[in-house]
Amino acid sequence: MIQSKPESNTKRLKTVSLEKAWPVLSPFCLAYTELERDEWYPFIQPEQIPFYIDQAIRIGQEAACSYAKDFNLQELINVLLKQGVGVRFLNQHALDEWVRAQYLAKTSTIEIYRPSLDQMEQFFRMMNQPVCTEDIICLHLYHEWFHHLEETKCGRTDLALPKIKIKKGLLTTKKTIRRTREIAAHAFTQAAMGLNWSPLLLDQLLFLTKQGWTKIQIREHFQKIKKLVQTIQSTSAEEEIQDEST
Ligand SMILES: [Zn+2]
């Protein structure tokens with residue numbers, strides 16, 4: 001059941017600062033970890049990686065400017081209903097416990113899985129920063145709403161970006177980088193809700209703490225990602241300088 005008013009002892013999500021309690025990573029570095037999980041990531045030219053990340057973030061942020069604002073839960077549900085989107089709360093995803101929510105394009109339905117809401121609520125409570133349930137639901141809804149907007153208004157993010165060419169013998173096929181859709185959806189959610197951290201950071205912290213990682217291990221892990229991303233960015237910058245001089 002959705003309560004209409006935030007509980008008085010809880011915070012709004014946009015006032016939570018993760019950096020006070022946890023090691024953090026920039027939205028760009030976090031987007032890199034997402035891109036790296038794409039099936040076709042190995043075929044992206046290293047100097048092109050920052051381009052895909054920047055563009056996906058830009059697409060998400062621009063969609064937030066065009067379609068969203070910091071709605072409360074009731075307002076957001078009303079916007080969704082007007083756009084013909086249904087919302088269902090389910091006890092679990094049939095196949096994958098890590099799926100927090102999903103948008104089903106065929107039926108224009110957003111499904112939110114309760115264990116994800118519980119896990120986030122518990123995480124913030126353990127940080128001594130309990131967050132109102134409505135905002136946690138909104139966090140899930142904004143992400144999935146972006147996927148609805150991709151299908152109905154602004155077009156799919158992966159289709160707006162260059163396809164990757166994959167050569168197999170004499171054949172060349174073209175593939176889209178689907179993970180850019182996730183990067184854009186997170187950027188959309190962050191911008192719409194006015195969060196000072198990417199929802200991808202929360203995802204990472206939830207995942208790593210569930211695996212039993214300590215803060216020190218998480219910090220070291222994040223440092224490695226930062227270094228790797230710095231290398232990629234400098235490769236890309238060098239490439240640009242070479243391009244300009246040729
Ligand atoms: Zn998504």
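This is a predicted model: local features need pLDDT of at least 70, side-chain atom pairs count only at pLDDT 80 or more; totals for chains, interfaces and linings use all residues.
Residues are numbered from 1 along each chain as its sequence is written. Helices (H or I, at least four residues) and strands (E, at least two) are DSSP runs, numbered from the N terminus.

## Helix 1 and its two partners

Helix 1 is mostly covered, with seven of its nine residues buried; a residue counts as buried if 20 or more other C-beta atoms lie within 10 Å of its own, as exposed if 12 or fewer do, and as partly exposed in between, with C-beta atoms placed from the backbone. The buried residues of this helix are Pro27, Cys29, Leu30, Ala31, Tyr32, Glu34 and Leu35.

Two packed helices are described by the angle between their axes and the distance between the axes. Axes are lines fitted to C-alpha atoms, for helices over the stretch in contact, and angles run from 0 to 180 degrees between N-to-C directions. The table gives these values for the two pairs.

| Helix pair | Angle | Axis distance |
|---|---|---|
| Helix 1 (residues 27–35) and helix 7 (residues 179–193) | about 150° | 9 Å |
| Helix 1 and helix 2 (residues 49–67) | about 110° | 10 Å |

With an angle of about 150° between them, helix 1 is roughly antiparallel to helix 7. Angles under 35 degrees count as roughly parallel, over 145 as roughly antiparallel, 65 to 115 as roughly perpendicular and the rest as oblique. Helix 1 passes helix 7 in a right-handed crossing; a crossing is left-handed if the near helix is turned anticlockwise from the far one by less than a right angle, and right-handed if clockwise. On the side of helix 1 the contact is made by Pro27, Ala31, Glu34 and Leu35, and on the side of helix 7 by Arg179, Glu182, Ile183, Ala187 and Gln190, where two residues are in contact if their C-beta atoms, placed from the backbone, lie within 7 Å. By class, this contact of helix 1 with helix 7 has five nonpolar, one polar and three charged residues; Ala, Val, Leu, Ile, Met, Phe, Trp, Tyr, Cys and Pro count as nonpolar, Asp, Glu, Lys and Arg as charged, and the others, Gly among them, as polar.

Helix 1 and helix 2 pack at about 110°, and they are therefore roughly perpendicular to each other. The crossing of helix 1 and helix 2 is right-handed. Pro27, Phe28, Ala31, Tyr32 and Leu35 of helix 1 meet Ile49, Tyr52, Ile53, Ala56 and Ile57 of helix 2, and by class this contact of helix 1 with helix 2 has 10 nonpolar, no polar and no charged residues.

## The nonpolar core

The largest nonpolar core has 54 residues, and those with the most contacts inside it are Ala31, Ile53, Tyr142 and Phe188. Helix 5 supplies the largest share of this core, nine residues. A nonpolar core is a set of buried Ala, Val, Leu, Ile, Met, Phe, Trp, Tyr and Cys residues joined through C-beta atoms within 7 Å. Leaving out residues up to four places away in sequence, Phe188 touches Gly60, Ala63, Ala64, Tyr142 and Phe146.

Ile136 lies in helix 5 and counts as buried, with 23 C-beta neighbours inside 10 Å. Its C-alpha atom is 6.5 Å from that of Leu117, 19 residues apart in sequence.

Ile225 has its place in helix 9 and counts as partly exposed, with 17 C-beta neighbours inside 10 Å. Although Ile225 and Thr33 are 192 residues apart along the chain, their C-alpha atoms are separated by 7.9 Å.

## Two loop residues with positive phi

Most residues other than glycine have a negative phi. Ser108, which is not a glycine, has a positive phi of about 50°, and Ser108 lies in the loop between strand 2 (101–104) and strand 3 (109–113). Asn128, found in the loop between helix 4 (114–126) and helix 5 (133–154), has a positive phi near 60°. Ser108 is partly exposed, with 15 other C-beta atoms within 10 Å, whereas Asn128 is exposed, with 7.
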